[in-house]
Amino acid sequence: AGVAPVLPRVVVPAARVRLRQLVGHLVADAGRGLGPHLARTRAEGYALNVNLLGEAVLGEAEADARLERTLALVRRPDVDYVSVKVSSVASQLVTWDLDGSCARVVERLLPLYRAARDHGVFLNLDMEEYKDLALTTAVFREILAHDDLHDLEAGIVLQAYLPDALGALDGLTRFATERVAAGGAPIKVRLVKGANLAMEAVEAELHGWPQAPYPTKPDVDANYVRLLDHALRAPRTDAVRIGVASHNLFHVALAVLLGRARGVSHALDVEMLQGMAPGEARAVRDEVAADRVESGPHAGRGGRVVLYTPVVRDEDFDVAISYLVRRLEENAAEQNFLHAMFAPDGSPAGSPMERQEAAFCASVRHGVHYAETDVAPRRTPRPAVGDGTGTGFANAPDTDPAVAASRDWARHVTGTGSGFVPVRTPELTTTAQVDDAVATALRATAA
């Protein structure tokens with residue numbers, strides 16, 4: 001600290017090197033250190049899901065560079081599983097224009113998926129903000145519908161903190177079932193609880209919307225159980241494999257035992273974060289090893305622990321900071337399972353792990369017995385507006401483009417939707433003409 005103001009060109013690089021050493025077990029080097037890291041982790045009995053870290057791209061040059069670096073990962077002979085985000089390969093995506101954005105992303109991702117097919121690499125499409133849910137699932141289906149990718153097995157992520165996840169899972173299952181019935185490959189769905197809660201809360205507050213994710217952790221945990229219960233059933237698992245991504249050992253154990261009881265262990269992978277809880281990962285790896293299928297139609301399936309492995313280049317290490325802060329923040333939260341593993345026992349309400357057990361039992365009860373309102377999207381096309389009787393000013397909520405009904409409305413009023421013929425009006429040059437046009441529009445709307 002004392003030398004930094006005088007010799008920043010010496011101190012800052014040294015600090016960056018030390019920081020990389022401190023977090024090397026959480027974020028791998030995308031350069032020369034990646035090969036030894038992959039080999040060492042595989043020798044310990046794990047599969048690796050490699051994710052090139054980075055925030056949403058802002059321009060096409062950045063998008064091209066990120067896509068090229070991801071392609072380089074796919075082409076590596078020691079990489080067999082890669083994750084990618086839609087926001088990392090195309091810039092300035094427009095939520096209002098779902099079809100146009102989907103076409104742009106598909107065009108950019110097709111070469112990546114074809115490279116994955118040619119190099120035997122499993123590609124996983126990550127999920128991000130709520131506004132990207134419809135786009136990501138549409139891109140996934142559109143790409144896998146191409147004839148030359150008919151036999152490619154690929155994956156997508158669903159977030160349990162969204163009530164919409166159950167409907168999305170059912171839609172993906174229908175798509176995959178039809179694909180398998182036509183002779184195509186199955187898909188994989190990686191189930192996570194969700195890691196963008198703070199961002200979603202800010203987005204909702206800015207626009208006057210209800211928060212898209214569930215408001216409480218018990219709701220999220222219950223929906224996670226709900227998704228597991230739906231997904232781990234035959235014949236669903238003939239078309240959709242499941243990746244259970246969690247460090248909560250209660251939920252991991254539930255998934256493993258459900259898979260065994262229902263005879264679908266071959267369709268189940270357990271997924272954890274690289275370096276976040278290595279002792280726990282080893283215990284789960286040893287437990288599920290017995291579920292690995294050695295022969296028959298499902299040979300090589302099941303019994304795997306997949307480590308989500310973020311990688312970053314030296315020159316891009318800054319982007320790892322947000323990932324690390326997000327992961328450490330969520331795992332340090334008092335409600336989190338990993339926090340309870342190390343928290344001191346001094347509460348009259350029971351030990352931290354006893355509270356985790358009680359929360360798990362509640363999540364199972366609520367997850368299995370639920371109402372339609374529990375899985376209804378929290379965003380609506382017509383946000384509530386005050387009746388004017390309150391005190392002070394309250395802004396009207398913005399129309400939410402993430403809601404399908406809002407996009408349909410926009411296509412209608414702009415004359416781009418089906419069954420709508422736009423009215424062509426002459427150029428308005430006077431105030432009276434503008435007033436008359438507005439009055440006409442209001443009368444038409446009332447009618």
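The following questions and answers go through a predicted protein model.

Residues are numbered from 1 along each chain as its sequence is written, and side-chain values use heavy atoms, leaving out hydrogens and water. Because the model is predicted, local features need pLDDT of at least 70 and side-chain atom pairs count only at pLDDT 80 or more, while totals for chains, interfaces and linings use all residues.

Trainee: How many helices and strands does the protein have?

Mentor: Both kinds of element are DSSP runs numbered from the N terminus: helices are H or I with at least four residues, strands are E with at least two. Counted that way, the protein has 16 helices and nine strands.

Trainee: What is the radius of gyration of the protein, and why does it count as compact?

Mentor: The radius is taken over C-alpha atoms, and the globule rule is 2.2 Å times the number of residues to the power 0.38. For 447 residues the rule gives 22 Å, and the model is close to that, so the protein is as compact as a globular protein of that length. The radius of gyration is 24 Å.

Trainee: What percentage of the residues count as buried?

Mentor: Buried means under 20% relative accessible area, exposed means over 50%, and partly exposed lies in between, with a 1.4 Å probe and protein chains only. Of the 447 residues, the buried part is 45%.

Trainee: Where is glutamine 356, and is it buried or exposed?

Mentor: Glutamine 356 lies in helix α14, residues 352-368. Its relative accessible area is 8%. That value is under the 20% cut-off, so glutamine 356 is buried.

Trainee: Which backbone oxygen does the side chain of glutamine 356 reach?

Mentor: Contact means heavy atoms within 4.5 Å. Not counting residues up to four places away in sequence, glutamine 356 touches Asn248, Phe250, Glu334, Gln335, Asn336, Phe337 and Ala340. At 2.9 Å, its side chain reaches the backbone oxygen of glutamine 335.

Trainee: Which residues does serine 363 touch?

Mentor: Serine 363 also lies in helix α14. With a relative accessible area of 2%, serine 363 is buried. Leaving aside residues up to four places away in sequence, its contacts are Asp221, Ala222, Val225 and His251.

Trainee: Which side chain does serine 87 join in a polar contact?

Mentor: Serine 87 lies in the loop between β3 and α4 and is buried at 11% relative accessible area. A polar contact is a pair of N or O atoms within 3.5 Å; within protein, one must be able to donate a hydrogen and the other to accept it, and residues adjacent in sequence count only if both atoms are side-chain atoms. Beyond four places in sequence, serine 87 touches Ala56, Val57, Leu93 and Glu128. The polar contact, of 2.6 Å, is with the side chain of glutamate 128.

Trainee: What is the phi of glutamine 92?

Mentor: Glutamine 92 is found in the loop between β3 (81-84) and α4 (98-119), and at 55% relative accessibility it counts as exposed. Most residues other than glycine have a negative phi. Glutamine 92 is not a glycine, yet its phi is positive, at about 55 degrees.

Trainee: Which peptide bond is cis, with omega near 5 degrees?

Mentor: Most peptide bonds are trans. Proline 235, found in the loop between α8 (217-231) and α9 (236-239), is on one side of the cis bond. The bond runs from alanine 234 to proline 235.
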